[in-house]
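Please look over the structure below.

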Amino acid sequence: MLRKRFVVAAASAAAGLVVLSACSGGTEAAAPAVAPAAAVAGAGGNAPAAKGETKVAVAEAGELGQVLVDKDGFTLYRFDKDSAKPPKSNCDGDCAKAWPPMLADGEVQIEGVDQALVGELTRADGRKQVTVGGWALYRYAKDAKAGEVKGQGVGSTWYAANAKGAKAGQAAKEAKEAPAAEKADGAKKLVATEVDGIGPAIVDQEGFTLYMFTKDKKNKQPTCNGDCAKTWPPMLAEGDVQLEGIDSKLLGTVKRADGTTQVTVGGWAVYRYAKDANAGEANGHGVGGTWFVIEPAGCKSTAPVKNKAAQSGNASPKKEEGAPAGSGGSEYGY
């Protein structure tokens, strides 16, 4: 927690840019439409924080939705190569020139952000940097004026931060709100994002978490068939497979026993979990000690398994009718 004094300012609205009181939720990406710079300055029409003070506010940034901004209305970003638990910045030297850290100088004003989420970390040079949700905050040197978001998606590691410290315009939300026609054409999408309680993960075009099965073998025919595939539906390569934040070199396909083609990432066949009822859930992580969330790098997530019973194979003591003989049901998530 910050040892500095926090000042919680009243939120107000300005033309084209609204500072909100409630929380929500490489190549350089093109900046989405944003409010005019004049509207953004001062983050919501309030007088800018005095020199030597730090301000963290929430504003609307076009297609990205809510983003964090500083006292001058400039977008604040987070870096995927940093750590939130524990909070740690890995951007120093030339990196810090391109991405100036938001330093905790003087009073820290908070507007539209839960004070409990705001903290600080100590950088390698000893200076204090502001964090939200454990993630260090930065500006982008190429954002020339307030309201720009030129840093969004740079290197597939830099993203505007939202009021919870997560990535603005969360992939799950964007996918869930995709037009029905886009979902109906058979196109599949793999998106690198962060899942609550897990960290780095891949979700599909509807925002559902994707998994790998450790009893499969890389680039070999998947071993989850029949009843297993009902519980763990394979992601089939139907139509185009689009990528967001994932290295295209990791994408592949493999033939299944029934002749269909399944998507692979890093050689591992990719599945959904039937017991994930909503986008962003990760109920399958650790099931049977063989099913794990798959990370954007194509490897098994090492996030702690919350459901220890599932990990040990005791998630459901009764095997469902029709479960494969000798399976015990547990490794398939019955």
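Lys-167 counts as buried, at 6% relative accessibility; buried means under 20% relative accessible area, exposed over 50% and partly exposed in between, with a 1.4 Å probe and protein chains only. This is a predicted model, in which local features need pLDDT of at least 70 and side-chain atom pairs count only at pLDDT 80 or more, while totals for chains, interfaces and linings use all residues. Residues are numbered from 1 along each chain as its sequence is written, and side-chain values use heavy atoms, with hydrogens and water left out.

Lys-167 forms a salt bridge with Asp-80, meaning a side-chain nitrogen of Lys or Arg within 4 Å of a carboxyl oxygen of Asp or Glu. The pair links distant parts of the chain, 87 residues apart. Asp-80 is partly exposed at 24% relative accessibility.

| Pair | Closest N and O atoms |
|---|---|
| Asp-70 and Arg-139 | 2.7 Å |
| Asp-80 and Lys-167 | 3.1 Å |
| Arg-123 and Asp-92 | 3.0 Å |

Asp-70 is buried, at 6% relative accessibility, whereas Arg-139 is partly exposed at 27%. Arg-123 is buried at 5%, and Asp-92 is partly exposed at 34%.

Strands here are DSSP runs (E, at least two residues), numbered from the N terminus. Strands β14 (residues 188–195) and β15 pair in the antiparallel sense over five bridges; pairing requires that DSSP finds at least two bridges between two strands. Thr-193 has Ala-201 in β15 as its bridge partner. The two strands, β14 and β15, form a hairpin with three residues between them, and Gly-197 in the turn has a positive phi of about 85°. In β15 (residues 199–203), four of the five residues are buried.
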